[in-house]
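Me: Here's the model I've been looking at. I'd like to go through the labels on it and ask what backs each one up.

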Amino acid sequence: MAEITLPTEIRLDIVTPDRLVAHDAVTAVTIPGKNGYLGILPGHAPLLTELAAGELEYTSGNAQHTLVVDWGFAEVLGDRVIILAQSAERVEEIDLERAEKAKVRAEERLKRFDDPQVDMERARKALTRAMVRLETAHKHRG
Ligand code: ATP
């Protein structure tokens, strides 16, 4: 009988239009999927999902890594996970002042709901991104 060997690691790549944000061998990944968070361990069934703005975490060796990703796609295939995100930054990289300013800007736009110049959907997405950045940074950096 053929022997079945299950993978013990996942090769994770996190890519944005600008850069390769992570390229690591990991033992677990949590992905912010459009319909909720997905926990991926080695040997997970193949899947393709849309990403939501949220926290992505992975474990590599004894280290836990946290990033914020925006919209995009995640593909799980064999021992690989590929994240293609519109934006992704490590929690250590989050600029709090910048996120705070983006939040205020989005909130100001959302108040002008009767102004046809304002793209409400865009402002809502910008607000969500800013809030996820702020919450994640506060949670993990104290
Ligand atoms: P802003 O209006 O401040 O640019 P944004 O939400 O519109 O915020 P994005 O379009 O999501 O910004 O991201 C553009 C690039 O800037 C991405 O590479 C993203 O990782 C980075 N970035 C955005 N906001 C921050 C932040 N607060 N800290 C660190 N990097 C950020």
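Predicted model: local features only at pLDDT ≥ 70, side-chain atom pairs only at ≥ 80, totals over all residues.

Me: What makes threonine 16 a loop residue, and which strands does the loop lie between?
Reply: Threonine 16 sits between β1 (10-15) and β2. Strand β2 covers residues 20-26, with leucine 20 in it.

Me: Why is threonine 16 called buried?
Reply: Buried means under 20% relative accessible area, exposed means over 50%, and partly exposed is in between (1.4 Å probe, protein chains only). Threonine 16 comes in at 10%, so it is buried.

Me: How do you know what threonine 16 touches beyond its sequence neighbours?
Reply: A contact means heavy atoms within 4.5 Å. Skipping neighbours within four places in sequence, threonine 16 has contacts with Val21, Ala85, Gln86, Ser87 and Ala88. On that basis leucine 20 contacts Asp13, Ile14 and Val15. As for leucine 84, it is 64 residues along the chain from leucine 20, with 9.7 Å between the two C-alpha atoms.

Me: What about glycine 33: why does it get its burial label?
Reply: Its relative accessible area is 6%, so glycine 33 counts as buried. Glycine 33 belongs to strand β3 (residues 28-33). Leaving out residues within four places in sequence, glycine 33 contacts Thr49, Glu50, Leu51 and Ala52. Lysine 139 is 106 residues from glycine 33 in sequence, and their C-alpha atoms are 20 Å apart.

Me: What makes something a pocket rather than a cavity?
Reply: Both come from a 1 Å grid over the protein atoms alone: in a cavity a 1.4 Å probe fits but cannot get out, while a pocket is an open set of points with protein on both sides within 12 Å along at least five of seven lines. Lining residues have an atom within 4 Å of a point. Points are joined across faces, edges and corners, and the volume is the space filled by probe spheres set on them.

Me: Which residues lie nearest the centre of the largest pocket?
Reply: Asp70, Lys125, Ala126, Arg129 and Arg133, out of 32 lining residues. The elements giving two or more residues to that lining are β5 (47-51), α1 (96-111) and α2 (120-141). Helix α2 supplies the largest share, 8 residues. The volume of this pocket is about 870 Å³.

Me: How many cavities of 30 Å³ or more are there?
Reply: There is 1. The largest cavity holds about 30 Å³, and its lining includes Ile10, Pro42, His44 and Arg80.

Me: Zooming out, how many helices and strands does the protein have?
Reply: It has 2 helices and 10 strands. The order from the N terminus is β-β-β-β-β-β-β-β-β-β-α-α. The C-alpha trace spans about 70 × 30 × 25 Å along its principal axes. Of the 142 residues, 37% count as buried. Among contacts with a separation of 6 or more, 52% are between residues 24 or more positions apart.

Definitions and conventions. Residues numbered from 1 in each chain as written. Heavy atoms only, no water. Helix = DSSP H or I, 4+ residues; strand = E, 2+ residues; numbered from the N terminus.
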